[in-house]
Amino acid sequence: MAERQEQTVPDAVMTRIGQVVMLHHAGDREEARHRFLDLWAEIGEDGDPLHRCTLAHYMADTHDDPSDELAWDLRALTAAEELTDDRLAEHEGALAVRALYPSLHLNLAADYVKLGRSDAARTHLRRARGAAQTLADDTYGDGVRAAIHRLELRLGEDGPSGTGGWGPPRQRP
């Protein structure tokens with residue numbers, strides 16, 4: 001019983017990251033970027049991989065320069081590679097590690113497109129597509145698959161079966 005209670009204790013760092021994400025989604029990109037940088041300084045390069053992955057994943061979206069965005073997305077992927085399902089299970093409502101990879105690789109593919117590096121973009125798009133097989137049939141999974149399909153169309157990729165992917169993109173709620 002005590003073990004179960006420990007697992008439901010809120011993670012203060014994840015809560016703070018979530019608050020900055022809300023600030024960013026409310027339109028204050030610059031302030032969100034500054035707060036993320038402050039949190040990154042607290043967490044450190046060797047901090048908890050879940051915290052680093054989550055923060056870097058969202059931090060990338062606050063940058064205008066595609067090179068900066070790429071650097072943060074690469075940090076997120078590196079941290080994800082250090083994560084275990086056990087660590088994720090400690091965070092209430094967390095996904096399995098494998099569910100992070102489609103989005104992480106999709107973001108990297110999009111970064112490389114912005115930088116005009118189509119071969120690297122296609123490599124990460126293929127990784128995103130392959131990893132997407134592990135996604136649940138839910139809103140999150142549908143959204144990631146739709147974004148993969150849109151990027152496939154943009155890059156002229158045929159998708160996993162040569163038919164253009166998983167069908168027409170669905171609208172996000």
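Q: How many helices and how many strands does the secondary structure of the protein chain come to?
A: This is a predicted model, in which local features need pLDDT of at least 70, side-chain atom pairs count only at pLDDT 80 or more, and totals for chains, interfaces and linings use all residues. Residues are numbered from 1 along each chain as its sequence is written, and side-chain values use heavy atoms, with hydrogens and water left out. Helices (H or I, at least four residues) and strands (E, at least two) are DSSP runs, numbered from the N terminus. From the N terminus on, the elements run α-α-α-α-α-α-α-α-α, and the count for the protein chain is nine helices and zero strands.

Q: What percentage of the 173 residues in the protein chain is buried?
A: A residue is called buried under 20% relative accessible area, exposed over 50% and partly exposed in between, using a 1.4 Å probe and protein chains only. By that rule, the buried share of the 173 residues in the protein chain is 45%.  The protein chain still exposes about 9700 Å², of which carbon and sulfur atoms supply 48%. The buried share asked for is therefore 45%.

Q: Is S103 buried or exposed?
A: S103 lies in helix α7, which covers residues 101-114. Leaving aside neighbours within four places in sequence, S103 is in contact (heavy atoms within 4.5 Å) with H57, Y140 and V144. Because its relative accessible area is 12%, S103 counts as buried.

Q: How many of the 14 residues of α7 are buried?
A: The buried residues of α7 include Y101, P102, L104 and H105. Among the elements that cover the buried residues of α7 are α4 (49-60), α5 (66-82), α8 (118-131) and α9 (139-155). Helix α7 is mostly covered, and the number of its 14 residues that are buried is 12.

Q: How far apart are the end C-alpha atoms of α7?
A: The expected span of a helix is 1.5 Å times one less than its number of residues. With 14 residues, α7 should therefore span 20 Å. The model agrees with this expectation, since the end C-alpha atoms of α7 are apart by 20 Å.

Q: At what angle do the axes of α5 and α7 cross?
A: Axes are lines fitted to C-alpha atoms, for helices over the stretch in contact, and angles run from 0 to 180 degrees between N-to-C directions. The axes of α5 and α7 come within 9 Å and cross at roughly 155°. The contact involves residues including L70 and L74 of α5 and L104 and L108 of α7, and the crossing angle is roughly 155°.

Q: What is the handedness of the crossing in which α3 passes α4?
A: Helix α3 (residues 29-43) and α4 pack at an angle of about 160°, with their axes 10 Å apart. That makes α3 roughly antiparallel to α4. A crossing is left-handed if the near helix is turned anticlockwise from the far one by less than a right angle, and right-handed if clockwise. For α3 passing α4, the crossing is left-handed.

Q: What distance separates the C-alpha atoms of I43 and L55?
A: I43 has its place in helix α3, and its relative accessible area of 15% makes I43 buried. Not counting residues up to four places away in sequence, I43 touches V13, D48, H51, R52 and L55. I43 and L55 are 12 residues apart along the chain, and their C-alpha atoms are separated by 9.5 Å.

Terms used
Areas by Shrake-Rupley, 256 points an atom, 1.4 Å probe, with all protein chains shown as cover. Parallel < 35°, antiparallel > 145°, perpendicular 65-115°, else oblique.
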